[in-house]
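Subject: A structure for you to look at

Hello,

Here is the structure I promised you. Please open it and keep it beside this email as you read.

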Amino acid sequence: MTALLTRAEQALSFGLPSIDRAFPGFKMGDFAVLYGHSFCKTLSFLLSVRCHLPKDGGGLNSPAIYVDGGNTFNPYAISAIAQEYGLDPQHTLERIFVSRAFTAYQLSALIFETLEDASKQYRSKLVLISDITSLFLDRDVPTKESMEIFNKAMIYLSDLATRRNVIVVASCFPFWHSRRRVFLESVLFGRAGIVIRVKELKGRLQFALESHPLLKPFTIDILPNAVTLEKFVEA
C-alpha cells in the first residue's frame, strides 16, 4: 500500500511500526480525522511531537499548532514522548502553540479568525484540533446554529489545508447518539480526505483506515507497545 505514495509525499508518520507499515502518513495539504477510542489522543500527541523531527526522520521540521476543543492537551505526555525521541521536552512544549476553546463560539472564532495567521506567524506545517465536535453538541447552542457554524468551519479547514499547504488533523470522540451528532460527524467525515478510526475489539486496539484518496480501507491491530504507550502518557 505504501508504494502508492512517493517518498516525498510521506511527510508525517505516527512512528509506530505496526501502523507505519500499512499507513504511510500524512502529506502536505491533507485534512484528516482521527475518531473513536481515546487512543486517538495519544496519536495526536505523537504527531505534535514528531512534527519537530527532520523530514528524513518522519517529521516536518516544524512547530505545531494545537487547538484544544476538549481540554485534552497533556504537557506531561508531550514531555514523555519528546524524551523518547531525544528532544528537549521544554523546547518541544514551547514550539507547540496551544489555544483552548470552552464554547463552540470560541472554537469557531479560533478557526475563522486566528488559525491562518497563526500558521503564518509560527510557520507551522501541522494543525491539530482536539475533540472537534463536542462543543458543538452543547445543548446551550441552538441545533440549527450549531450545524451551520460547524459546516462552515469544516469547509474552512479543508480549504485552509489546501491553500496553506499544511496538514490539518482533527480528533473526534463518541458522545450520546443524537440527530445533531450524526449530522456533525457526517459533515466532518465528508469534508476530510482521510478518516481513521481507532476501536477496541475483544481487548485489542485496532487502527482502521476508512477513507483515503489513494489507499483502500483496511484494519490492523495496534501492537501491545502502542497500548503501553497510551497507558504511559495518560498516567
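This is a predicted model: local features need pLDDT of at least 70, side-chain atom pairs count only at pLDDT 80 or more; totals for chains, interfaces and linings use all residues.

**Helix α6**

Start with α6, residues 143-164. This helix has 22 residues. From first C-alpha to last, α6 reaches 31 Å, close to the 32 Å expected at 1.5 Å a residue.

Which residues of α6 are buried? They are S146, M147, I149, F150, A153, M154, Y156, L157, L160 and A161. Look at the spacing of those numbers as you turn the model. An α-helix has 3.6 residues a turn, so residues three or four places apart point the same way.

The buried residues of α6 pack against several elements. Two of the partners are helices: α5 (104-122) and α7. The others are the strands β1 (31-36), β4 (126-130) and β5 (167-172).

**α6 against α7**

Next, take the pair α6 and α7. Two packed helices are described by the angle between their axes and the distance between the axes. Here the axes of α6 and α7 (residues 179-191) come within 9 Å and cross at roughly 10°. Angles under 35 degrees count as roughly parallel, so α6 is roughly parallel to α7. The crossing is right-handed.

Who makes the contact? From α6 come T143, S146, M147, F150, N151, M154, I155 and S158. From α7 come R179, R180, F183, L184, V187, L188 and R191. These contact residues divide into 8 nonpolar, 4 polar and 3 charged.

- N165 follows α6 and is found in the loop between α6 and β5. Its phi is near 55°, a positive value in a residue other than glycine. N165 has a relative accessible area of 43%, so it is partly exposed.
- K202 lies in the loop between β6 (194-201) and β7 (204-211). Its phi is also positive, about 55°, although K202 is not a glycine. Is K202 buried or exposed? At 79% relative accessibility, K202 counts as exposed, because the cut-off is over 50%.
- G70 sits in the loop between β2 (64-68) and α3 (75-84). With 28% relative accessibility, G70 counts as partly exposed. Leaving out residues up to four places away in sequence, G70 touches S130 and D131. G70 and D131 are 61 residues apart in sequence. In space, their C-alpha atoms are 5.1 Å apart.

Best wishes

Note on methods. Residues are numbered from 1 along each chain as its sequence is written. Side-chain values use heavy atoms; hydrogens and water are left out. Axes are lines fitted to C-alpha atoms, for helices over the stretch in contact, and angles run from 0 to 180 degrees between N-to-C directions. Helices (H or I, at least four residues) and strands (E, at least two) are DSSP runs, numbered from the N terminus. Angles under 35 degrees count as roughly parallel, over 145 as roughly antiparallel, 65 to 115 as roughly perpendicular and the rest as oblique. A crossing is left-handed if the near helix is turned anticlockwise from the far one by less than a right angle, and right-handed if clockwise. Contact means heavy atoms within 4.5 Å. Ala, Val, Leu, Ile, Met, Phe, Trp, Tyr, Cys and Pro count as nonpolar, Asp, Glu, Lys and Arg as charged, and the others, Gly among them, as polar. The expected span of a helix is 1.5 Å times one less than its number of residues. Buried means under 20% relative accessible area, exposed over 50%, partly exposed in between (1.4 Å probe, protein chains only).
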